[in-house]
Amino acid sequence: MAVQQSVGQDPYFPGNGDRRYRVHRYELTLDYRPAPNRLSGTARINAIAGRGQLTEFQLNLADFRVGRVRVDGRAAHYTHRGGKLRVRPPKPLRTGAAFTVEVQWSGNPRPVSSPWGGLGWEELEDGALVASQPVGAPSWYPCNDRPADKASYQISVTTPSAYAVVAGGRLLTRTTKASTTTWVYEQAAPTSSYLVGLSIGKYQTVLLGDPGPGGVPQHGHIPAHLLPRFSRDFARQPAMMELFQDWFGPYPFDEYAVVVTEEELDVPVEAQGLSLFGSNHVDGARGSERLVAHELAHQWFGNSVSIADWRQIWLNEGFAKYAEWLWSERSGGRGAQQLAAAAHRSLSALPQDLRLADPGRKSMFDDRLYQRGGLTLHAVRCALGDDAFFRMLREWAGLHRGGAVTTAAFTAHVARFADEPLDELFDAWVYGTALPPLPSSGTGAAV
């Protein structure tokens, strides 16, 4: 799947990422000691130069001590400041050339600052986790930090044996030597840097449901004392997985893991093949089940089908919000039309100055974007009818699996399933700011 690239640097984060090359694989070898919060690592990055000769390039990396940088096995000149590791290879890299960068780094990882507070590596009371969206990945490894530059990953983490390591992907090996254990994970599917998930803690691992032949293995990693509550709160996730595959197409990765930390989190965190929840998200009463649906839906919309730049974030969050409504509709809760009406009432009382197609950096995570995004999908469903709507979703997820997309690509895709032009619908819901009337139709329960 060819990635659709944005035209220039991401306007919301122009200092992140380097469009002059793309990465196709990261191999990270990490050693983490929780007590002193000490991380040391080596990255082997396989990349391809772009259309012009590369005399220098940059990676994003936070304030670590860099020990060595090599390009194609030879020492390279570099500077490292302001979160940018600028590398000058021993000789220029020709157009389209494959090359390998090796970086060694060490230090005490901490979140990088952002308009939303610290992002990335978070030291917990007893362990650590990564919550990188949108620009926290450089808090723990060197990367070309732009969502459209997707690569495969192998991650090796050595830590004291009392701790478990959970990463998105398939666990290849777990090897114990003396007092430490090394965990090696492989994520073969193309992955955006901010979606590389990692959690280190003292967990009990359980299998959710029976995947059966050809099914999706789903594991939970939970502090032992939270297991009874978790078992009820996540009991319906396997049913969600089956329904979402009916609606959105085959699950796009090898397996799915959920982690519950000992500590509270403001919101759950999705990563590729992995979602992280706080202890406050398990109450034994399914009080956060809509968030279970939201994070699972992101595996299709946001992770497999990623965005070309951050202006397109409604294509992640609006779809996951609508998946909450679809799950509620199917599982005996309020229907999508009822939930759309509630969201519409809420939005009508708020400022109407947010444009889905380009919300601005300050409003990327505004709840209005989530609600209006869900309403936009509901408007499309009402216009298309259920049969065409769900065919449209399945084909969208299938056609762009492993790629990155734009709002323009989505509106063009929807047009293929419509009997009449939908320009006015998208002009109002996606490109306008005023709240259009509540969409409605005679649709029944989701198919």
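Mentor: Axes are lines fitted to C-alpha atoms, for helices over the stretch in contact, and angles run from 0 to 180 degrees between N-to-C directions. Please keep in mind that the model before us is predicted.

Trainee: At what angle do helix 2 and helix 3 pack, and how far apart are their axes?

Mentor: Helix 2, residues 237-248, packs against helix 3, residues 289-297, at an angle of about 45°, and their axes lie 11 Å apart. Angles under 35 degrees count as roughly parallel and those from 65 to 115 as roughly perpendicular, and helix 2 and helix 3 are therefore oblique to each other. Helix 2 passes helix 3 in a right-handed crossing.

Trainee: Which residues make the contact?

Mentor: From helix 2 come Gln237, Met240, Met241, Phe244 and Phe248, while helix 3 contributes Glu289, Val292, Ala293, Leu296 and Ala297. Of the residues in this contact, eight are nonpolar, one is polar and one is charged.

Trainee: How should I read a sheet, and what is the strand order in the open sheet of four strands?

Mentor: Strands of a sheet pair through backbone hydrogen bonds, either parallel or antiparallel. In this open sheet of four strands the order is 9-10-15-12, and the pairing is antiparallel. Strand 9 (120-124) and strand 12 (164-167) each have a single partner strand, so they stand at the edges, with one side of each left without a neighbour in the sheet. On average, and with direction ignored, neighbouring strands of this sheet are turned by 20° against each other.

Trainee: How many bridges join strand 9 to strand 10?

Mentor: Five bridges join strand 9 to strand 10, residues 127-131, and the two run antiparallel. Leucine 124 stands opposite glycine 127 in strand 10.

Conventions
Residues numbered from 1 in each chain as written. Predicted model: local features only at pLDDT ≥ 70, side-chain atom pairs only at ≥ 80, totals over all residues. Heavy atoms only, no water. Parallel < 35°, antiparallel > 145°, perpendicular 65-115°, else oblique. Left-handed = near helix turned anticlockwise from the far one by under 90°. Contact = heavy atoms within 4.5 Å. Nonpolar A, V, L, I, M, F, W, Y, C, P; charged D, E, K, R; others polar. Pairing = 2+ DSSP bridges.
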